[in-house]
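Colleague: I would like to learn how to read metal sites and ring contacts in a model. Could you walk me through one?

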Amino acid sequence: MLTIEIRKLALSHFAVAFGAFGLAALMGFYQVLARSDLIPALQSPGVYFASVSTHGVLMAYVLTTFFIMGFGYVTAVSSLKTPLWNPRWAWIGFWTSAVGTGLAALPLLLGRASVLYTFYPPVQAHALFYIGAALLVVGSWFWAVIMIVMHGQWKKAHPGEPVPLPMFATTANAILWLWTSAGVASEVVFQLIPWSMGLKDTVDPGLARTLFAWTLHPIVYFWLIPAYIALYSFVPKAAGGKLFSDELGRVAFVMLLVLSLPIGFHHLYMDPQQGAGFKLSHGTLTFLVAVPTLLTAFTITASVELAGRINGGTGLFGWIGALPWRNSMVLAGILAAAMLVLGGFGGLVNASYAMNAMVHNTAWVAGHFHLIFGGTTVILYMATTYYLWPRLTGKPLCSSTLPLIQLWSWFWGFVILTTAWHILGLLGQPRRISTVTYHSPLTFAWDPYILTMVVGGTVLMVSAGLFVYILAKSYRQPETGPIQADEIEYAEPLEPVTRVHPLLNGFSVWNIALAVLMLANFGYPIAQFFLIKTFGSVAWGY
Amino acid sequence: MHIHPLEKRWIYLVLAVVGIFLAAIFYTALARNIHPPSHIEPIDSASLHLSAEFAEDKLGVWTQPDGTIRVTLVAARYGFYPREIRLPAGTPVTFRIASADVLHGVHIPMTNMGTMVVPGYVSEITTTFPKPGEYPMLCNEYCGLGHDHMWSKVTVVAKESWPEASAAQPIGR
Ligand code: HEM
Ligand SMILES: [Cu+2]
Ligand SMILES: [Cu+2]
């Protein structure tokens with residue numbers, strides 16, 4: 001059972017995460033509406049770009065980071081069955097990130113940081129925005145260190161025993177995050193903060209984009225790994241079965257760690273400041289990072305199929321119907337998988353060295369990441385929260401049907417929204433526009449899809465509201481006595497693992513491999529900015 | 001390590017599929033020479049008006065001695081200058097673009113023309129327009145509150161009606 005301290009810690013993190021989420025969802029709805037031009041009074045680029053900047057930052061940085069930290073603490077103490085190492089640090093990390101979020105929110109909401117969540121220079125935001133973002137990241141480093149230390153201490157106390165899979169994955173994510181955030185942290189600390197405070201006159205946008213690309217790909221795996229932990233550790237159990245293979249799960253998490261970092265240049269395929277050779281190298285590794293996801297697809301499908309057969313399902317597909325679809329974890333797992341398949345196809349297009357040119361910076365890209373990030377990833381955050389909420393608050397959920405309605409509507413909302421968005425991209429609509437002003441016949445073809453997006457956005461806003469409502473309502477119920485199961489239970493492997501290869505139980509060798517890959521793929525591309533004569537840019541407003 | 005035989009087959013299948021994708025990419029890249037626009041050429045974006053290539057009177061469409069076409073453009077809030085250009089279909093066209101201010105991106109829907117335009121670096125991309133028609137050239141990277149309005153017009157005319165011109169004069173603008 002979780003101690004009061006841990007519950008409070010996790011609930012504090014979740015409160016920030018889902019508060020930010022609710023606000024950002026409202027903004028998302030406003031954005032689709034503003035772009036449709038249905039209500040001309042909403043037209044205002046100033047408000048629109050302040051909104052997208054805030055929506056992007058809240059969804060991509062605040063919701064994710066706080067959810068991941070809160071979930072990580074719960075996973076560590078419940079899977080290792082040890083007390084939290086250094087709760088003081090955990091709280092310092094929480095407050096550092098929370099203060100950072102607040103500092104960044106001020107200029108964002110006042111329209112003084114309308115630089116979008118990628119904040120590419122030389123468009124410049126208020127210095128508070130960069131300082132707040134840096135603090136958010138620094139706070140999360142406390143979390144990462146705590147995870148790594150707990151992993152190490154447990155191993156020392158249990159020589160030769162395999163670290164439980166959920167903790168192995170959480171540690172992989174903590175290490176991944178330290179590597180990942182180094183890129184954007186150097187950009188912010190060495191380039192953007194001094195420049196926005198007037199200590200430096202110019203920045204090199206080419207170097208800034210290169211450092212940001214260092215972070216931009218692996219950060220999506222930082223967001224995704226907790227969702228994968230739910231797939232490996234919660235879904236098979238909720239379906240009534242076991243995990244098909246614990247060891248291949250470890251292989252998948254190791255591959256995610258090692259392969260997701262040296263590939264960021266697929267975001268720079270269309271950029272002039274990097275050479276074709278490095279782009280091709282990053283592009284090749286990008287295809288390899290599909291392997292752990294395909295391994296996961298097999299392991300989870302096999303686990304769930306076994307559960308379906310235990311439940312009496314027969315035949316090639318009969319097991320699917322025999323699954324407990326009314327269990328929110330199982331339902332979310334199935335819906336997440338469906339969105340992952342759709343989004344995966346799109347990802348292959350984006351990743352392709354040459355084909356990327358057809359979709360780069362079009363509406364397709366926004367469609368793609370809403371499907372796989374807003375859809376696949378967040379739906380598993382939601383189901384995980386439904387599972388944890390009673391164990392954190394000590395009160396059952398206020399309804400067992402409402403969560404199912406919420407998850408289904410989240411899925412359909414995204415199917416509608418992102419299908420239209422992908423098509424708009426193929427029809428050439430750029431991303432990041434607040435409305436359509438081009439006087440070109442091409443834009444007539446866009447109209448039906450722009451309207452479809454409003455439908456999807458409406459469904460999603462209702463679904464997001466329902467999610468926040470369910471959590472708040474359950475939390476505010478009067479005490480109802482202890483709920484039946486308050487242990488957090490992780491799926492057991494089909495073949496019990498008593499020992500695993502040291503390479504699948506720790507990360508030292510993988511860190512070295514990663515260092516070599518990063519040096520090979522980012523060493524010269526970063527060094528070149530100091531070796532050739534380049535020209536910095538002065539600051540520009542927006 | 002324990003791997004179920006079925007899972008082993010799946011792993012081989014996955015590796016084969018990834019191998020096929022990579023083979024296709026390497027084939028088009030190495031044998032057909034299809035690459036995204038990579039071109040490391042620094043330029044001082046603050047003094048384009050003084051540069052030999054991107055000064056205002058040097059912008060536009062030029063015929064090269066070998067018959068190919070070169071288009072020199074400046075991307076600046078909020079347009080690609082010159083705002084209207086004419087180009088022939090079926091002829092290789094090389095765009096050279098520099099930003100005078102912030103980050104921009106450009107693409108012409110339904111064609112292969114697209115590149116980021118990063119201040120401090122010249123973007124270069126060569127493509128051939130298969131079909132005549134009126135094409136918008138759109139900015140696809142957020143560059144400020146007027147980003148929605150950043151676009152220019154490209155008219156692609158049939159090769160036969162494309163005028164012969166002397167290399168000393170910009171044509172088609
Ligand atoms: C309530 C449902 C949502 C709606 C209606 C919505 C809508 C939008 C819209 C219209 C944009 C502008 C995109 C562009 O112009 O290219 C946007 C941007 C963005 N959205 Fe959402 N969104 C929703 C949920 C989410 C979720 C759940 C996430 C991730 C957890 C997310 C992450 C982002 C990010 C990171 C951006 C910034 C993109 C950029 O700067 O180009 N959104 N959203
Ligand atoms: Cu990426
Ligand atoms: Cu622009």
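Colleague: Is A:His55 buried or exposed?

Modeller: Keep in mind that this is a predicted model. The idea is to compare relative accessible area with a cut-off, and buried means under 20%. A:His55 has 11% relative accessibility, so A:His55 counts as buried. A:His370, at 17%, is buried as well.

Colleague: Which residues coordinate the copper ion (ligand 2)?

Modeller: Look for the donor atoms first, then for their places in the chain. A:His217 contributes ND1, while A:His266 and A:His267 each contribute NE2, at 1.9 to 2.1 Å. The spacing of these donor residues in sequence is H-x48-H-H. A:His217 sits in the loop between α6 (205-216) and α7 (218-238) of chain A, and A:His266 in the loop between α8 (246-259) and α9 of chain A; this pair, 49 residues apart, links distant parts of the chain. Both A:His217 and A:His266 are buried.

Colleague: Now for the rings. How many aromatic pairs are there over all chains?

Modeller: The count is 47 aromatic pairs over all chains. To read one, take the distance between centres and the angle between planes. A:Tyr48 and A:Phe49 are 5.3 Å apart centre to centre with 90 degrees between their planes, an edge-to-face pair. Both of these residues are buried.

Colleague: Why is the pair of A:Phe287 and B:Phe21 tilted?

Modeller: Their planes meet at 45 degrees, with the centres 5.9 Å apart, so the pair is tilted. A:Phe287 is in helix α9 (residues 276-288) of chain A and B:Phe21 in helix α1 (residues 5-31) of chain B, so the pair joins two chains. A:Phe287 is buried at 3% relative accessibility, whereas B:Phe21 is partly exposed, at 34%.

Colleague: And where does the charged end of A:Arg250 sit?

Modeller: The charged end of A:Arg250 sits over the ring of A:Phe168, 5.3 Å from the ring's centre. Likewise, A:Lys533 lies over the face of A:Phe535, 4.7 Å from the ring centre.

Terms used
Residues are numbered from 1 along each chain as its sequence is written. Chains are lettered from A and ligands numbered from 1 in the order in which they are written. This is a predicted model: local features need pLDDT of at least 70, side-chain atom pairs count only at pLDDT 80 or more; totals for chains, interfaces and linings use all residues. Side-chain values use heavy atoms; hydrogens and water are left out. Rings of Phe, Tyr and Trp (its six-membered ring) pair if their centres lie within 6.5 Å; planes under 30 degrees apart count as stacked, over 60 as edge-to-face and the rest as tilted. Buried means under 20% relative accessible area, exposed over 50%, partly exposed in between (1.4 Å probe, protein chains only). Helices (H or I, at least four residues) and strands (E, at least two) are DSSP runs, numbered from the N terminus. A charge sits over a ring if NZ of Lys or CZ of Arg is within 6 Å of the ring centre and within 35 degrees of the ring normal. Donors are N, O and S atoms within 2.8 Å of the metal (3.2 Å for Na, K and Ca); water is not among the atoms, so sites may look incomplete.
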